Amino acid sequence: MIGITSYGAYIPRLRLDRSAIYRSMGWFAPALIAVAQGERSMCNWDEDSVTMAVAASRDCLSGKDKNTIDGVYMASTTMPFADRQNSGIVSTALNLSEDIITSDFTASQKIGSTALITALESIKSQDRHNILVSAADKRETKGAYFYEMWFGDGAASLLVGDTDVIAEYKGSYSVSCDFVDHYRGSDNEYDYVWEERWQRDEGYAKIIPKAVNGLMKKIGITMDDVDKLAYPCYFKRDHGTIAKKLGATPEKVVDNMHEVCGETGAAHCILMFVAALEQAKPGDGILMAGFGQGCNALYFKVTENIKKLAPRQGFKGSLENKLTTDNYLRYLKFRGLIKTEMGIRAEAPTQTAMTTLWRNRKMILGFVGGKCTSCGTAQFPKTGVCVNPECGAVKSQTDYEFADIPSKIKTFTSDLLAVSVDPPHKYGMVQFEGGGRMMADFTDCITEDLKVGLPMNMTFRIHGQDKNRGFVNYFWKAVPVPGAAEQMDKINFHNKVAIITGAGGGLGRVYALELARAGAKVVINDLGGAPDGSGKGSASPAQTVVDEIIKSGGKAVANYDNVATPEGGENIVKTAIDAFGRVDILINNAGILRDKSFIKQDGKTWNPVLDVHLNGAFNVTRPAFKAMKVQGFGRIVMTTSAAGLYGNFGQTNYSTAKLGIVGLMNTLKIEGAKYNIKINTIAPIAASRLTREVMPPEIFEKSKPEFVSPMVLYLCSEDCNETGQIFNAGLGFFNRAAVLTGHGLQIGNPENPPTPEMIHENFDKINDMTNAKEMTDATSAVFALIDPPSDWEESAEEDADGGDMYPAGLFKRMPDVFKKEAAAGVDVVFQFSIKGPKGGDWIVAVKDKECDIKPGEAQNPNCTLTMSDDNFVKLFTGVMTSMQAFSSGKLSLDGDIMKSQLIEKIFDLNL
Ligand code: NAD
């Protein structure tokens with residue numbers, strides 16, 4: 001089968017309110033009022049057909065393997081280069097293999113559909129297997145003109161291939177004739193357009209039906225086989241008339257997008273096709289046609305694979321991400337339709353050295369940096385020596401693509417003095433997740449949007465133009481993640497990928513909906529079985545939740561694997577990585593019940609319950625933990641139950657599994673600490689099919705899963721620093737549950753071992769839980785036995801003040817690890833400002849081999865170190881180096897920051 005395997009779209013964020021054109025120019029061209037409704041899309045000053053084609057193609061390649069692409073066709077009538085392959089720029093920007101074919105298609109509005117047919121025919125001949133077709137146009141018109149109103153800017157891309165086809169290609173029909181409704185001579189800047197009535201009556205109304213009817217006859221279909229009909233025509237009334245002529249009812253006709261973005265030239269038929277695909281269901285027939293000096297008509301049949309497509313922005317998402325302006329002069333300036341003085345600074349040399357561009361093409365166009373094979377440090381640009389001062393390996397870096405890596409603003413400025421077409425010039429440092437940072441220009445934003453920590457996406461844009469030599473320079477810029485600025489003060493999950501097992505209903509469904517709403521891309525796993533796990537699974541619960549999320553603008557994919565098998569676990573994690581490239585959050589939630597009193601328990605009730613809950617948690621967590629370890633970030637939430645924590649009649653199987661999960665967490669919290677993997681456990685109470693029978697009806701009504709999910713979302717967030725803890729949650733009530741250890745009593749000695757009688761005699765004291773304590777790990781618990789604290793209360797206080805996990809305790813111990821000799825001649829005062837519940841202010845003053853450490857704030861410290869209590873403990877216990885802390889933003893420095901490097905020299909930081 002051959003056909004479409006993926007799609008993508010891009011509409012520039014800026015939209016121009018059409019009435020603004022009329023308001024500015026109505027005095028000159030009053031007839032504009034007739035078409036001054038809705039809005040048209042408009043390129044930012046740094047966008048053209050190539051940048052839009054790259055954006056649409058990146059959207060199209062979501063979840064696809066770029067290495068399998070063996071051709072790129074770009075279609076446009078507004079190519080930035082007349083002789084330099086524009087499709088070649090697109091291909092390099094996408095960092096595709098160089099061993100592929102690239103080709104430009106131009107000189108007609110139907111050219112997008114011609115490129116598509118050419119690609120499909122090439123796949124049919126089995127010459128190639130995956131061709132990316134991208135159509136884009138930024139059509140120029142003179143000002144105050146009907147066509148300025150009608151046109152819009154945009155791009156759409158299709159991946160054409162022979163595997164995982166989402167819309168099967170059934171055939172095409174072409175009409176080619178030299179019908180000149182408009183043309184642009186080689187030496188002309190703008191189109192010359194003939195009379196509209198003639199265009200409509202002789203052009204659109206006759207040529208499109210001829211091609212569509214020709215196709216239907218050729219492949220033996222009728223309009224009954226067409227569920228969606230997509231063809232361009234910017235004359236709104238005539239768009240409808242053509243459908244009537246073809247016998248298509250209005251609901252089959254794809255909107256011509258006049259009100260929302262305008263006609264996007266060569267891209268428009270592909271864009272309308274993408275809009276049709278976005279709404280299509282398996283079995284739908286889509287007929288699309290491109291018009292211009294004839295017409296190409298193509299017919300496709302949508303397959304089941306469309307449901308498996310990875311989430312993407314698509315046409316709908318792109319349309320929604322908009323910033324409408326009524327500043328017509330801004331539009332004119334961005335398109336070079338008015339001349340303004342740019343100042344002397346703008347006269348800097350702009351020539352591009354082709355030698356340098358060729359040598360650095362991967363870096364400049366493909367945004368490829370390096371990753372050190374010795375220490376794993378990522379950096380941009382790639383250099384001969386690793387940037388990590390503790391590594392410094394030579395020629396150790398492999399290519400590392402930055403374009404799709406989540407990033408955040410580290411610093412920024414909004415500069416009114418710098419030359420900019422869209423002042424103020426906004427730029428700053430962006431920090432990539434997993435390492436690497438760069439100074440980047442920011443685009444498609446206003447200063448008020450920017451904040452330190454704001455999640456950013458990278459976008460391929462025009463960097464500058466050498467107008468004298470007709471050359472366009474491209475590079476990558478940063479643009480705020482849509483909606484991220486508003487979400488910043490809220491707990492959000494932008495750029496986070498979450499897996500929720502058993503998310504087809506009950507609690508898991510609500511966790512998934514809430515995470516998706518807060519920006520996470522989610523994998524909805526559910527086997528779809530009965531409450532006791534019996535019966536053949538069904539895909540529909542997971543798919544329904546995915547549909548629900550996508551409908552409300554979120555990103556989700558379904559997975560139907562069984563958590564109870566290791567392969568199932570591996571595949572669930574693979575689904576996240578294939579669709580979204582990573583996994584940040586895992587909620588082990590899948591569950592079944594097979595209640596029976598203990599004597600009646602047998603293999604049929606015992607094993608499946610342990611398999612789903614306990615082994616299921618192991619099967620999914622193991623591969624997820626592996627991915628999180630590499631990323632240096634992870635949040636895992638396990639699900640226990642009151643039955644496991646406290647016991648419940650008839651649930652020996654379930655309570656065993658549920659407390660086993662707590663054991664898994666207890667050790668994982670230790671193994672994950674070094675990699676910023678926090679793992680906690682929720683004990684929910686909520687109305688679901690599992691509790692319908694056991695909960696009194698009045699409680700069932702009140703216990704919505706929404707009263708549990710806020711705690712789960714918090715535990716999944718970056719803001720959560722807790723690890724290894726259990727929380728009860730239900731009906732809006734939350735508390736912590738913990739295993740506590742009593743004070744105890746030392747009985748007997750080597751000569752006189754304890755006896756049962758002595759136990760009996762002292763039982764009240766052994767059993768006493770006054771001032772009971774939590775143990776952080778098995779070692780502390782064993783030490784408490786070997787060396788019982790003489791005074792339990794005193795030791796509890798000491799922990800809060802001076803234990804190893806507390807900054808106060810570490811500051812107390814710092815003089816012990818002071819390296820006197822290394823401090824010879826040193827004169828420095830450090831101010832530590834430690835944030836968080838265990839935090840405070842401490843002064844560390846070092847003067848020529850002497851050190852003085854005390855709580856408080858120094859008058860004139862040389863350097864102030866600000867960090868969280870947690871990160872301080874990590875830094876001073878050797879888990880993290882100061883360089884890692886600084887470069888990942890966990891340590892901020894004020895004053896003479898070079899002095900901070902002394903700390904590791906004069907203290908042995910392995911407290
Ligand atoms: P639910 O039955 O509505 O949800 C559980 C989901 O897990 C179901 O959609 C089911 O199809 C899925 N599932 C079962 N076996 C699976 C497998 N092998 N692979 C993949 N998916 C599978 O129940 P719920 O009440 O929402 O329970 C969610 C979790 O919370 C469970 O772990 C449950 O034990 C726990 N829990 C719930 C309550 C409560 O009051 N609802 C109380 C304590 C613990």
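Reply: The residues of the shell around the ligand divide into 11 nonpolar, 15 polar and 4 charged. Here Ala, Val, Leu, Ile, Met, Phe, Trp, Tyr, Cys and Pro count as nonpolar, Asp, Glu, Lys and Arg as charged, and the others, Gly among them, as polar. Please keep in mind that this is a predicted model, where local features need pLDDT of at least 70 and side-chain atom pairs count only at pLDDT 80 or more, while totals for chains, interfaces and linings use all residues. Residues are numbered from 1 along each chain as its sequence is written, and side-chain values use heavy atoms, with hydrogens and water left out.

In total, 30 residues surround the ligand, each with a heavy atom within 4 Å of it. The closest are Asp 526, Asn 562, Asn 589, Tyr 654 and Ser 688. Helix H14 (506-517), helix H17 (603-631), helix H19 (652-672) and strand E28 (677-685) each supply at least two residues of this shell. Helices (H or I, at least four residues) and strands (E, at least two) are DSSP runs, numbered from the N terminus.

Now for the polar contacts, which are pairs of N or O atoms within 3.5 Å. A backbone N or O atom of Asn 589 sits 2.8 Å from an oxygen atom of the ligand. For Leu 527, a backbone N or O atom is 3.3 Å from a ligand nitrogen atom. Gly 591 has a polar backbone atom 3.4 Å from an oxygen atom of the ligand. Taken alone, the ligand exposes 820 Å², and the protein buries 95% of that; such areas come from the Shrake-Rupley method with a 1.4 Å probe.

Technical notes
Polar contact = N/O pair within 3.5 Å; in protein donor to acceptor, adjacent residues only side chain to side chain.
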